[in-house]
Amino acid sequence: MSDNLEISRRRLLGTVGAAGAAGLALGGVGGAAGYAALGDGGGGPALAAVGSARVPFRGAHQAGIVQPAQACGHLAAFDLAPGSGRVEAAALMRRWSAAAELLMAGEPVGGADGGVARDAGPCSLTLTFGFGASFFDRTGLAARRPEQLEPLPVFSSDRLDPKRSGGDLWVQIGADDALVAFHALRTVQREAGAAARVRWQMDGFNRSPGATARPMTTRNLMGQIDGTGNPKPADPGFAGHVFVAPGGTQPWMTGGSYAVVRRIRMLLDDWEKLPLADQEAVIGRRKSDGAPLTGGTETTEPDLERVGPDGRPVIPADAHARISAPEQNGGATMLRRPFSYHDGIGPDGTPDAGLLFVCWQADPRKGFLPVQRKLDRGDALSPFIRHESSALFAVPGGPAEGEYVGQRLLEA
């Protein structure tokens, strides 16, 4: 029976047919019917759609950027160990890339693989790798450090913990199954060997596929629909906002992106004391369905010019949705792909919970920075959040056949 199950599983993973396409489609829209079983055509048991959904490791861009955020996530930064340089970094990226390709295909990694993810399929697993500014000094590659990787400034609302900020290397892991995500994290940590040590790790989550009656934008821990205004791959200019175009000063970044990572603690006890109307005024959107306060549905464009009977803007001047809107920031655009987190209850009895904010852009100086500067000057949401860690990473393009991630940097 076990041999038949394994054969059935391998057939599903290796076939681009109706079952595989259905799994990918469900993963792409959030998996409202994610638990519907798929037949494998051979009469044997098959993985459900959630388990069979597979994201390719190779391509023009790394996985884990344009795919919908998965149910479970891990973010980890590593520092190269003393004595490790360019040679050791290249060997590490080879190991990580080889392991990632197997893991994303739902296959075991040899050697000390603990079998944590045994019986499960890929579950939309993605692994994404990036380099921090310090990586280039430690590997003797300072001349190839992109100018877009200049350190982020400290904002007035920041309360940053240096031990949970920065890092030479960064790994983002996402999957629609917690065991699959943990297995990938454990593999990455193990494969680091003596070359690199964990600097910090953060664990997050989103809604599971199939948890809602229809695909919908997820909610954050404040109960707000979060991600309505995100750019979409079909939008004109999407690639130019998110991915580095050919012809730049650092050709190895072609097809890559820059990831800003911020751990944002939500002061939930204070937030939950606000009446609903006040919460909606802070955000500028209805809590029930995410529609702007000026009416319509979630996807209706906010009417930032409309005023109420009292002569004041219907969407307040300091509302988060108004201040962060691209049209209020010279067209600044970024792709937000966060996870929520909860790390227990603090000594003062308040929840240590909030958002692992990750945003992607071709240039953070034209994406994240102008928006965050404006938010820092007068966002009504600021009294209810605290930025506790910050990092910026250069994420190279996806590997071609026979390449490992970062090869065009490390072997040029």
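The structure holds 22 salt bridges, each a side-chain nitrogen of Lys or Arg within 4 Å of a carboxyl oxygen of Asp or Glu. This is a predicted model: local features need pLDDT of at least 70, side-chain atom pairs count only at pLDDT 80 or more, and totals for chains, interfaces and linings use all residues. Residues are numbered from 1 along each chain as its sequence is written, and side-chain values use heavy atoms, with hydrogens and water left out.

**Overall make-up**

- The protein has 12 helices and 9 strands; these are DSSP runs, numbered from the N terminus (helices: H or I, at least four residues; strands: E, at least two).
- Of the 412 residues, 51% are buried (buried: under 20% relative accessible area; exposed: over 50%; partly exposed: in between; 1.4 Å probe, protein chains only).
- The accessible surface is about 18,000 Å², and carbon and sulfur atoms account for 56% of that (Shrake-Rupley method, 1.4 Å probe; for residues, only the protein chains shown count as cover).
- Of the contacts between residues at least 6 apart in sequence, 77% join residues at least 24 apart; contact means heavy atoms within 4.5 Å.

**Salt bridges**

- Arginine 263 pairs with glutamate 388, with the closest N and O atoms 2.4 Å apart.
- This pair links strand β5 (residues 257-266), which holds arginine 263, to strand β9, which holds glutamate 388, across 125 residues.
- Arginine 263 is buried at 1% relative accessibility, and glutamate 388 is buried at 8%.
- Glutamate 388 also forms a salt bridge with arginine 386, at 3.2 Å between the closest N and O atoms.
- Arginine 386 is partly exposed, at 27%.
- Salt bridges with shared partners join Asp161, Arg164, Arg263, Arg265, Asp343, Asp352, Arg386 and Glu388 into one network.
- Arginine 58 and glutamate 401 form a salt bridge too (3.9 Å, N to O).
- Arginine 58 sits in the loop between α3 (49-52) and β1 (72-80), and glutamate 401 in the loop between β9 (385-395) and α12 (407-410), so the pair ties together parts 343 residues apart in sequence.
- Arginine 58 is partly exposed at 22%, whereas glutamate 401 is exposed at 69%.

**Nonpolar cores**

- The largest nonpolar core has 76 residues, and Trp96, Leu127 and Leu169 have the most contacts inside it (a core is a set of buried Ala, Val, Leu, Ile, Met, Phe, Trp, Tyr and Cys residues joined through side-chain atoms within 4.5 Å).
- Helix α4 gives this core its largest share, 9 residues.
- A second, separate core of 20 residues includes Leu75, Val242, Phe243 and Leu335.
- Not counting residues up to four places away in sequence, leucine 169 touches residues including Trp96, Phe131, Phe135 and Phe393.

**Surface patch**

- Val116, Leu179 and Phe182 form a nonpolar surface patch with about 240 Å² of accessible area together.
- Patches use residues with over 30% relative accessible area and no salt bridge; like charges are joined within 9 Å, nonpolar side chains (Val, Leu, Ile, Met, Phe, Trp, Tyr) within 5 Å.
- Valine 116 lies in the loop between α4 (86-104) and β2 (126-131) and is partly exposed at 32%.

**Loop residues**

- Proline 326 lies in the loop between α10 (320-323) and β6 (335-336) and is partly exposed at 35%.
- Proline 326 and glycine 229 are 97 residues apart in sequence and 9.2 Å apart in space, C-alpha to C-alpha.
- Aspartate 363 is in the loop between β8 (351-361) and α11 (368-378) and is buried at 11%.
- Leaving aside neighbours within four places in sequence, aspartate 363 contacts Gln148 and Tyr258.
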